[in-house]
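This briefing walks through selected features of the structure shown below, grouped by topic. Please read it with the sequence and the coordinates at hand.

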Amino acid sequence: MSQSIPGRRKKKLALFLIALAQFVVIMDTSIVGVALPRMQEELGFSPENLSWVFNAYVITFGGLLLLGGRLADVFGARRMFTTGWVVLLAGSAVAGLAGNVAFELIGRGVQGAGAALIAPAALTLLMKTFGSSPKELGGALALYGAAAPAGGTAGVFLGGVITEYMSWPWVFFINIPLALVVFALVAKALPADGPRIRGSIDIAGALLVTAGLALGVFAIVRAPEIGWANVETWGALSGAAALLALFVLVQARRKQPLMRLSILRIPNLAAANLAQLLLAAAWIPMWFFLNLYLQQVLGYSAFPSGAALLPMTAFIMITMIVLAPRLTARFGPKAMTVTGLIVLAGALLWLSFVRVDGNFWVDILPASLLAALGMSLAFIPTLGTAISSAPPQEGGLASGLVNTSYQVGSALGLATMTAFAAANGATESGNLPALTAGFSSAFIGAAVIALAGALLAAITLRAPTRAPVVEKEATATRP
């Protein structure tokens with residue numbers, strides 16, 4: 001018997017809500033970029049601490065993803081999906097209403113916690129809704145994947161429009177009507193949760209990994225201000241290492257850990273996660289400092305700055321969906337990962353030649369499009385390899401792990417490049433030569449990270465015994 005029309009409509013509505021969730025959690029990563037200079041001026045951020053508007057979100061998002069997946073398994077995916085939107089709404093309200101640095105970062109952290117509940121629950125609901133039909137599942141995964149680059153593109157552009165014609169708090173308030181739409185439709189569209197499964201929640205593990213990452217990023221960001229040789233810097237770095245080591249110890253001893261450590265022994269899984277981490281560590285600083293260069297050196301206002309990055313983000317979406325999966329299927333994931341990271345490194349070196357009197361058409365557009373190509377070519381095969389290397393029953397863990405790797409790389413890469421930029425003059429507000437030199441050093445540092453990723457991928461990735469799933473799952477979670 002064919003599926004009923006009401007049933008089809010319900011599935012379409014469910015897919016809309018799931019894709020909307022993917023769209024929003026990625027949009028919230030990129031939408032703040034164009035607004036950063038206004039926020040710095042009005043809230044009193046120092047140049048060294050401005051990156052925390054981004055890091056507060058990605059650290060909590062990445063650090064709590066594994067916990068979010070576990071909570072969805074134990075308490076039910078629809079329940080945690082709805083809870084995540086409540087948390088995201090609360091964080092968005094706090095971030096938009098914040099009148100100082102502390103409340104802004106609290107709001108962003110709460111937003112990240114909400115995203116960490118939403119993202120794994122959304123993928124679980126998608127599999128639950130469409131998993132019985134391979135054809136339907138393929139189409140649903142394709143739309144779910146396309147929502148990620150669409151969110152990244154929309155975030156950059158909307159951030160410029162909102163900051164220019166409204167005010168920067170609306171880059172956070174925009175989530176409130178979206179959350180209300182979800183609340184109105186979730187019970188009608190998404191499958192109900194079954195009975196709660198028995199099992200423990202590794203809260204200690206989640207707190208340890210999140211605290212360790214946050215302390216490490218804090219140490220790197222603050223080091224240029226107080227000195228790398230300062231006892232506080234090394235104390236914070238040692239504390240971060242101790243917390244992460246304790247996390248590993250807890251995971252090794254718990255019967256139901258957040259992450260089964262032996263999964264990293266699966267061929268290619270650890271290598272693909274490392275490549276994703278280094279890819280994010282190179283890509284996110286480029287996006288962050290390109291925003292600042294356009295506004296603080298070239299003098300672009302918020303809307304033109306967002307529009308200037310629109311070609312790059314749109315090109316990412318097209319390349320991820322149309323070109324990268326085909327090239328990966330033809331040449332293999334290892335070759336495309338190495339090639340993509342090398343292309344990204346070349347684009348970053350190109351951007352390092354930015355000038356005080358630079359020109360968008362000459363200095364920015366060609367290099368940014370080349371960077372978008374490299375990012376897309378490397379991202380598709382590493383994601384597919386990471387997911388397909390794990391056994392099917394651990395696909396959720398593999399997905400959470402690769403998402404965590406990307407978010408951790410984003411935070412650590414941006415923190416490190418912020419330190420480089422600050423050490424080379426990016427703290428001298430209004431001094432255009434100094435700002436340009438600082439931003440240039442960040443691009444060079446990011447290029448080194450990309451080259452290191454290419455080298456490690458060439459050494460550690462193996463030819464898979466079966467092709468990774470990239471045709472339909474190619475664009476899972478990134479801007």
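Where is the place of glycine 430? Glycine 430 sits in the loop between H15 and helix H16 (432-460), in what is a predicted model.

**Domains**

- The protein chain is divided into domain 1, covering 1-190, and domain 2, covering 265-462, and the centres of domain 1 and domain 2, taken over C-alpha atoms, are separated by 22 Å.
- Between the two domains, 33 residues of domain 1 are in contact with 36 residues of domain 2.

**The second largest pocket**

- The second largest pocket has a volume of about 420 Å³, and of the 19 residues that line this pocket, Met259, Leu401, Thr404, Ser405 and Val408 are the closest to its centre.
- Two or more residues of the lining of the second largest pocket come from each of helix H3 (52-75), helix H9 (203-226), helix H10 (231-253), helix H11 (269-297) and helix H15 (395-423).
- Because domain 1 (1-190) and domain 2 (265-462) both give residues to the lining of the second largest pocket, this pocket lies between them.
- Methionine 259, which is one of the lining residues closest to the centre of the second largest pocket, is found in the loop between H10 and H11.
- With a relative accessible area of 9%, methionine 259 is buried, and its C-alpha atom lies 9.3 Å from that of glycine 400, although 141 residues separate methionine 259 and glycine 400 in sequence.

**Loop residues**

- Glycine 430, in the loop between H15 and helix H16, has a relative accessible area of 61% and is therefore exposed.
- The C-alpha atoms of glycine 430 and glutamine 296 are separated by 7.7 Å, while the two residues are 134 residues apart along the chain.
- Asparagine 268 has its place in the loop between H10 and H11, and its relative accessible area of 9% makes asparagine 268 a buried residue.
- Most residues other than glycine have a negative phi.
- Against that background, phi of asparagine 268 is near 80°, a positive value in a residue other than glycine.

**Buried residues in helices**

- Threonine 29 is found in helix H1, which spans residues 5-30, and threonine 29 is buried, with a relative accessible area of 6%.
- When its neighbours within four places in sequence are left aside, threonine 29 is in contact with Phe54, Tyr57, Val58, Arg108 and Trp287.
- Alanine 421 is found in helix H15, where its relative accessible area of 1% counts as buried.
- Alanine 421 and glycine 438 are 17 residues apart along the chain, and their C-alpha atoms are separated by 4.1 Å.
- Apart from neighbours within four places in sequence, the residues in contact with alanine 421 are Phe289, Ala426, Gly438, Ser441 and Ala442.

**Aromatic pairs**

- The structure holds 9 aromatic pairs; in one of them, the rings of tryptophan 170 and phenylalanine 173 have their centres 5.2 Å apart and their planes at 85°, so this pair is edge-to-face.
- Tryptophan 170 and phenylalanine 173 are 3 residues apart in helix H7 (residues 170-173), and therefore they are separated by about one helical turn.
- The two members of this pair are described separately for accessibility: tryptophan 170 is partly exposed, with a relative accessible area of 39%, whereas phenylalanine 173 is buried, with a relative accessible area of 15%.
- Phenylalanine 360 and tryptophan 361 also form an edge-to-face aromatic pair, with 5.1 Å centre to centre and 75° between the planes.
- Phenylalanine 360 counts as buried at 10% relative accessibility, whereas tryptophan 361 counts as exposed at 61% relative accessibility.
- Phe288, Phe289 and Phe439 are linked by ring pairs into a cluster, and Phe289 is also among the residues in contact with alanine 421.

Conventions:
Residues numbered from 1 in each chain as written. Predicted model: local features only at pLDDT ≥ 70, side-chain atom pairs only at ≥ 80, totals over all residues. Heavy atoms only, no water. Phe/Tyr/Trp six-rings, centres within 6.5 Å; stacked < 30°, edge-to-face > 60°. Helix = DSSP H or I, 4+ residues; strand = E, 2+ residues; numbered from the N terminus. Buried < 20%, exposed > 50% of the residue type's maximum accessible area, 1.4 Å probe, protein only. Contact = heavy atoms within 4.5 Å. 1 Å grid on protein atoms, 1.4 Å probe; cavity = no way out; pocket = protein on both sides within 12 Å on 5 of 7 lines; lining within 4 Å. Points joined across faces, edges and corners; volume = space filled by probe spheres on them. Domains from an automatic or database assignment.
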